[in-house]
Amino acid sequence: MPLNARDKGNRGEREVAKTINRYLGTNCRRTPLSGGLSIKGDIIDINPDSIASQYHFEIKNTKKLSIPMWWKQIYSDCGKKIPVNIFKMNAKFYTTLELKDWLSGLAETQELQESNAGLEALLEEEKKSNKILSDRIEELERELYK
């Protein structure tokens with residue numbers, strides 16, 4: 001691989017890692033030798049408890065799209081992690097992943113939204129109960145200090 005192409009790839013990997021960190025508050029970094037060692041993937045989150053650590057990231061910063069070839073590499077390297085291909089096209093990064101993984105993420109988001117709605121309803125009930133108690137305390141204090 002020509003030096004300029006390698007530098008371009010490294011820049012893309014660093015840019016994606018910074019973007020993930022900014023959005024998720026993670027600690028993603030470029031994998032040493034870009035997955036050439038026993039650690040596969042172009043970027044990794046060094047915190048094993050992070051949401052990003054469950055993903056296998058392959059970053060492509062090239063003009064020519066070769067998605068089928070990229071996915072062949074991703075599948076051979078991802079192990080049990082969720083495979084994600086991130087590529088740059090027209091100065092923007094895009095992501096491809098398996099439909100089942102995308103739908104799983106959407107289902108999880110929907111479940112969290114529904115759970116959140118239930119918690120908000122409970123919070124409103126608690127606020128009403130607290131208001132009733134607060135009003136009753138004020139009433140009793142007024143009677144006490146007449």
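Why are Trp71 and Tyr75 separated by about one helical turn? The two residues are 4 residues apart in helix α2, residues 67-77, so about one turn of the helix lies between them.

Before going on, some housekeeping. This is a predicted model, in which local features need pLDDT of at least 70 and side-chain atom pairs count only at pLDDT 80 or more, while totals for chains, interfaces and linings use all residues. Residues are numbered from 1 along each chain as its sequence is written, and side-chain values use heavy atoms, with hydrogens and water left out.

Back to the rings. The structure holds 4 aromatic pairs. Rings of Phe, Tyr and Trp (for Trp, the six-membered ring) pair if their centres lie within 6.5 Å; planes under 30 degrees apart count as stacked, over 60 as edge-to-face, and the rest as tilted. Trp71 and Tyr75 have ring centres 5.3 Å apart and planes at 50°, so this pair is tilted. Elsewhere, ring pairs join Trp70, Phe87 and Tyr94 into a cluster.

Next, burial. I call a residue buried under 20% relative accessible area, exposed over 50%, and partly exposed in between, using a 1.4 Å probe and protein chains only. Trp71 is buried, at 10% relative accessibility.

Contact here means heavy atoms within 4.5 Å. Pro83 has a relative accessible area of 6%, so it counts as buried. Its C-alpha atom is 13 Å from that of Gly105, which is 22 residues away along the chain.

Now the core. A nonpolar core is a set of buried Ala, Val, Leu, Ile, Met, Phe, Trp, Tyr and Cys residues joined through side-chain atoms within 4.5 Å. The largest one has 10 residues: Val16, Ala17, Ile20, Cys28, Ile43, Ala52, Phe57, Ile59, Val84 and Ile86. At least two residues of this core come from each of α1 (3-24), β3 (55-60) and β4 (82-89). The largest share, 3 residues, is supplied by α1. Take Ile59 as one member of the core. Leaving aside neighbours within four places in sequence, Ile59 is in contact with Gly12, Glu13, Val16, Asp42, Ile43, Ile86 and Phe93.

On to charges. How many salt bridges are there? The count comes to 7, where a salt bridge is a side-chain nitrogen of Lys or Arg within 4 Å of a carboxyl oxygen of Asp or Glu. One of them joins Glu15 and Lys88, with the closest N and O atoms 3.4 Å apart. This pair links distant parts of the chain, since Glu15 is in helix α1 and Lys88 in strand β4, 73 residues apart. Glu15 is partly exposed, at 36% relative accessible area.

Lys100 takes part in two further bridges that I want to show. With Glu98, the closest N and O atoms are 3.5 Å apart; with Asp101, the N to O distance is 3.3 Å. Shared partners join Glu98, Lys100 and Asp101 into one network. Is each of these residues buried, exposed or partly exposed? Glu98 is partly exposed at 21%, Lys100 is exposed at 54%, and Asp101 is buried at 16%.

Leu99, Trp102, Leu103 and Leu106 make a nonpolar surface patch of about 410 Å². Patches are built from residues with over 30% relative accessible area and no salt bridge; like charges are joined within 9 Å, and nonpolar side chains (Val, Leu, Ile, Met, Phe, Trp, Tyr) within 5 Å. Areas come from the Shrake-Rupley method with a 1.4 Å probe, and for residues only the protein chains shown count as cover. Leu106 lies in helix α3, residues 99-144, and is partly exposed at 41%.

Asn90 sits in the loop between β4 and β5 (92-96), and Ala91 is placed in that loop too. Asn90 has a positive phi of about 55° although it is not a glycine; for Ala91, also not a glycine, phi is about 70°. Asn90 is exposed at 68%, and Ala91 is exposed at 67%.
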